[in-house]
Amino acid sequence: MPIITEEPEQEPQLQNQRHQEEQPKQKQISQTKEPQQHTNPFLFWCYLVLFVSLITLLFISFTPQDNNPRSWFLSLDSSLRHHYSNGRIIKVQTSPNQSPIELFTFQNGIDSTENVFIIHGLGLSSFAFREMINSLRSKKFNVIAVDLPGNGFSDRSRMEFEERSDGAFQRFKDVYGLIQEKGFFWAFDQIVETGQIPYEEILKARVLERKSVKVIELGSDEVGRVLGQVIDTFNLAPVHLVLHDSALPMSANWVAENPGSVKSLTLLDTGIKPALPLFALNLPLIRDFVLGSSFGYQWLIRFCCMKKVGSFDVEDNRVLLKGRDRCRAVSEMGRKLNNSFDMAEWGSSEGIKGIPMQILWSSVWSKEWSEEGSRVADALPQAKFVGHSGGRWPQVDSADELAKHIADFVSSLPKTVRQVEEEPIPEHIQKMFDEASSSGHNHDHHHSHSGHDNHEGHAHAAGYMDAYGLGHTWGQ
């Protein structure tokens with residue numbers, strides 16, 4: 001009896017199932033192949049280069065500049081090095097709880113009873129006033145200018161001690177600081193040489209991190225202490241004070257509290273807001289454009305500060321502002337300016353009423369700035385108002401004109417009478433002087449009986465006195 005099977009009937013069904021299963025697979029394969037036909041490898045490399053460039057730009061913007069003072073100084077122009085060599089460094093204390101800072105001072109060295117003290121605005125230094133200083137020197141005035149802390153050749157940072165947390169972010173900051181100091185491959189080299197991770201060096205660096213270097217941030221009180229110490233150091237009081245630009249809100253409180261140290265006051269295009277816009281120093285990309293090229297800085301100065309720009313002076317001022325991260329110190333000082341400073345209230349205070357005052361103001365810069373000068377003149381009715389032909393930084397393009405106005409104003413005031421106090425002779429030096437005088441007298445008296453002159457004894461005694469500065473000439 002034959003066996004009947006249904007396998008032949010199942011073959012068409014299996015073929016249909018296989019066909020249905022193969023169709024989605026073929027669709028999936030076609031779908032996966034289709035985007036590959038439209039992929040452009042150029043876009044991938046374009047995005048990669050753009051990403052790497054952005055990361056590099058951010059890294060360069062936030063990486064601190066070269067802090068080596070020697071290499072920075074040697075890279076300066078000869079005019080800047082010459083200006084530094086003719087100046088003097090003094091130490092000032094801005095706060096009793098903080099370390100002293102070095103302040104650069106520049107003096108023309110004329111022996112005069114009238115002392116003129118120039119305080120620059122933010123973004124400048126004593127170097128920008130050298131032409132005006134030379135012009136005042138030719139008029140027989142003793143002139144001194146300083147670089148405020150954070151500006152020019154003065155310190156822009158100092159060592160401070162601070163309490164800190166021990167979290168994960170602080171540890172990452174410690175490692176980052178160690179990499180900046182030692183180099184990126186320092187730890188790898190130590191591992192290769194010693195076979196161990198340099199734990200001791202890392203812990204040592206973390207301990208030393210408590211003693212950190214911070215950018216100087218001075219307010220009006222600290223700037224006032226600096227001015228007072230400079231005046232005391234050079235014995236300038238009473239002094240003819242010249243305040244330029246933002247120097248007024250920085251030193252107004254000190255002037256009102258120390259009227260006896262100020263003989264007269266000259267306000268040179270002063271205002272609450274500095275002529276140099278501080279946002280140009282705060283934003284990384286704009287700061288890189290302005291300070292990174294002579295063209296960018298010259299364009300900013302011509303637009304905001306003065307119209308007659310000498311390229312040589314602008315380049316030197318740009319280098320000073322950019323060098324060793326001083327723009328950060330200037331920016332921090334700008335943030336601490338007294339924006340609520342009231343000119344009329346300050347001018348009517350008891351300490352300011354008796355100080356002779358003049359206002360030197362640009363009459364050609366802009367209509368808005370001329371109106372600002374009128375408001376300042378109304379707030380200070382006791383001041384003499386004089387217009388000049390320069391910009392908001394007139395010490396460069398109108399130095400002789402400003403020097404003439406200052407000299408005429410100072411000369412119109414009563415002459416300063418300075419009393420020179422004689423320092424007492426130290427006791428041990430006075431004793432030696434008495435012994436030398438008595439021994440010389442006895443020696444002369446002894447030889448006078450023998451008929452010999454002893455000029456040598458007198459000469460030796462006189463020379464001995466002069467060695468201690470007692471007022472005789474050697475050998476006479």
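This passage walks through the predicted model, from the overall fold to a few local spots. The model is a prediction, so local features are given only where pLDDT is at least 70 and side-chain atom pairs only at pLDDT 80 or more, while totals for chains, interfaces and linings use all residues. Residues are numbered from 1 along each chain as its sequence is written, and side-chain values use heavy atoms, with hydrogens and water left out.

Start with the big picture. The protein chain holds 22 helices and 10 strands, where helices (H or I, at least four residues) and strands (E, at least two) are DSSP runs numbered from the N terminus. Of its 476 residues, 40% count as buried; buried means under 20% relative accessible area, exposed means over 50%, and partly exposed is in between (1.4 Å probe, protein chains only). Take the contacts (heavy atoms within 4.5 Å) with a separation of 6 or more: 75% of them come from residues 24 or more positions apart.

Eight strands make up an open sheet with mixed pairing, in the order 1-2-4-3-7-8-9-10; two strands pair if DSSP finds at least two bridges between them. Strand 1 (88-92) and strand 10 (384-388) sit at the edges, each pairing on one side only. From one strand to the next, the twist averages 25°. Helix 10 packs on this sheet, where it touches strand 3, strand 7 and strand 8, and its direction makes about 145° with that of strand 7. For such angles, axes are lines fitted to C-alpha atoms, for helices over the stretch in contact, and values run from 0 to 180 degrees between N-to-C directions.

Within the sheet, strand 7 and strand 8 run parallel and are joined by six bridges. V239 stands opposite V262 in strand 8, and V242 stands opposite T266 in strand 8. Strand 8 (residues 262-268) is mostly covered, with seven of its seven residues buried.

P238 lies in the loop between helix 9 (220-234) and strand 7 (239-244), and the peptide bond from A237 to P238 is cis, with omega near -10°. D245, in the loop between strand 7 and helix 10 (247-257), has a positive phi of about 55° although it is not a glycine. D245 is buried, at a relative accessible area of 0%. K140 also has a positive phi, about 70°, and is not a glycine either, but K140 counts as exposed at 60% relative accessibility. K140 is placed in the loop between helix 5 (130-138) and strand 4 (142-147).

What about the core? The largest nonpolar core has 95 residues, and F117 and W346 have the most contacts inside it. A nonpolar core here is a set of buried Ala, Val, Leu, Ile, Met, Phe, Trp, Tyr and Cys residues joined through side-chain atoms within 4.5 Å. Leaving out residues up to four places away in sequence, W346 touches L248, A252, V255, A256, L265, F341, I352, M357 and L380.

Finally, there is a helix pair. The axes of helix 12 (residues 284-292) and helix 13 (residues 294-304) come within 5 Å and cross at roughly 95°. That makes the two helices roughly perpendicular, given that angles under 35 degrees count as roughly parallel, over 145 as roughly antiparallel, 65 to 115 as roughly perpendicular and the rest as oblique. F289, V290 and L291 in helix 12 meet F295, G296, Y297 and L300 in helix 13.
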